[in-house]
Amino acid sequence: MPKTTYKTKQQDLLFSYLREMQGKHFTAEDVRAHFESKKISIGIATIYRQLDKLVSEGKIQKYFIDDHSAACFEYSGDACNQNEKHAHLKCELCGRLIHLECAELEDFGTHLKAEHGFVINPLRTVFYGVCTDCLNKMENEGQNE
């Protein structure tokens with residue numbers, strides 16, 4: 001007998017929020033804080049359960065940026081799908097996570113495979129550094145001294 005699924009008001013609210021976040025990265029705690037700020041009670045266990053369900057259905061993606069950070073999710077809609085080759089840039093100052101879609105990534109992947117016998121998973125590849133906003137802020141602060 002097939003497992004029946006049902007939709008709840010909480011699922012609808014969560015999915016609506018995820019659509020608003022299209023193309024942006026968020027954690028389960030971000031989701032909890034959003035609903036708490038709107039005085040909507042959704043437990044963190046329910047949020048994790050629903051996010052995991054949406055990951056298994058392929059509606060959102062789950063990333064592990066490093067061993068010290070919470071899992072990061074993304075509802076991508078048409079902005080990004082799991083078949084697209086892209087990596088992520090993580091700013092070490094502000095924590096921002098940025099999509100990197102660049103033709104050079106494919107060339108780099110081809111080089112790694114041919115020369116080093118290694119195939120990277122671009123969806124799980126994260127480059128660490130400093131974003132433009134933080135660089136500009138650092139430069140401006142340096143000029144003011």
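Predicted model: local features only at pLDDT ≥ 70, side-chain atom pairs only at ≥ 80, totals over all residues.
## Overall architecture

The protein has 145 residues, of which 30% count as buried. Its secondary structure comes to five helices and six strands, and these elements follow one another from the N terminus in the order α-β-α-α-β-β-β-β-α-β-α. Among the contacts with a separation of 6 or more, residues 24 or more positions apart account for 53%.

## How helices 1, 2 and 3 pack

Helix 1 spans residues 9-20, helix 2 covers residues 28-37 and helix 3 covers residues 44-56. The geometry of each pair is set out below.

| Helix pair | Angle between axes | Distance between axes |
|---|---|---|
| Helix 1 and helix 2 | about 110 degrees | 11 Å |
| Helix 1 and helix 3 | about 65 degrees | 11 Å |
| Helix 2 and helix 3 | roughly 125 degrees | within 10 Å |

Helix 1 and helix 2 pack at an angle of about 110 degrees, and they are therefore roughly perpendicular to each other. On the side of helix 1 the contact is made by Leu13, Leu14 and Tyr17, and on the side of helix 2 by Asp30, Val31, His34 and Phe35. Sorted by class, the residues of this contact are five nonpolar, one polar and one charged.

The axes of helix 2 and helix 3 cross at roughly 125 degrees, an angle that makes helix 2 oblique to helix 3. Helix 2 contributes Ala28, Glu29, Val31 and Arg32 to this contact, while helix 3 contributes Ile44, Ile47, Tyr48 and Leu51. Six of these residues are nonpolar, none is polar and two are charged. The crossing of helix 2 past helix 3 is right-handed.

Helix 1 likewise passes helix 3 in a right-handed crossing. Here Gln10, Gln11, Leu14, Phe15 and Leu18 of helix 1 meet Thr46, Gln50, Leu51, Lys53 and Leu54 of helix 3, and the contact comprises five nonpolar, four polar and one charged residues. Leu14 is listed in the contact of helix 1 with helix 2 and also in that of helix 1 with helix 3. Val31 of helix 2 is listed in the contact with helix 1 and in the contact with helix 3, and Leu51 of helix 3 is listed in the contact with helix 2 and in the contact with helix 1.

The side chains of Gln50 and Gln11 are joined by a polar contact of 3.1 Å.

Ser56 is also found in helix 3, but at 64% relative accessibility this serine counts as exposed. A polar atom of the Ser56 side chain lies 2.8 Å from the backbone oxygen of Lys53.

## Lys39 in the loop

Between helix 2 and helix 3 runs a loop that holds Lys39. Lys39 is exposed, with a relative accessible area of 76%. Its phi is near 60 degrees, which is a positive value in a residue other than glycine.

## Lys90 and Tyr128 in the strands

Lys90 lies in strand 4, which covers residues 87-91, and Tyr128 has its place in strand 6, which covers residues 126-129. Although these two residues are 38 residues apart along the chain, their C-alpha atoms are separated by 4.9 Å.

At 17% relative accessibility, Lys90 counts as buried. Not counting residues up to four places away in sequence, Lys90 touches Ile65, Ser69, Gly95, Arg96, Leu97, Val126, Phe127, Tyr128 and Gly129.

Tyr128, in turn, counts as partly exposed at 39% relative accessibility. With its neighbours within four places in sequence left aside, Tyr128 is in contact with Ile65, Asp66, Lys90 and Glu92.

Methods
Residues numbered from 1 in each chain as written. Heavy atoms only, no water. Axes fitted to C-alpha atoms, helices over the stretch in contact; angles between N-to-C directions. Helix = DSSP H or I, 4+ residues; strand = E, 2+ residues; numbered from the N terminus. Parallel < 35°, antiparallel > 145°, perpendicular 65-115°, else oblique. Left-handed = near helix turned anticlockwise from the far one by under 90°. Contact = heavy atoms within 4.5 Å. Nonpolar A, V, L, I, M, F, W, Y, C, P; charged D, E, K, R; others polar. Buried < 20%, exposed > 50% of the residue type's maximum accessible area, 1.4 Å probe, protein only. Polar contact = N/O pair within 3.5 Å; in protein donor to acceptor, adjacent residues only side chain to side chain.
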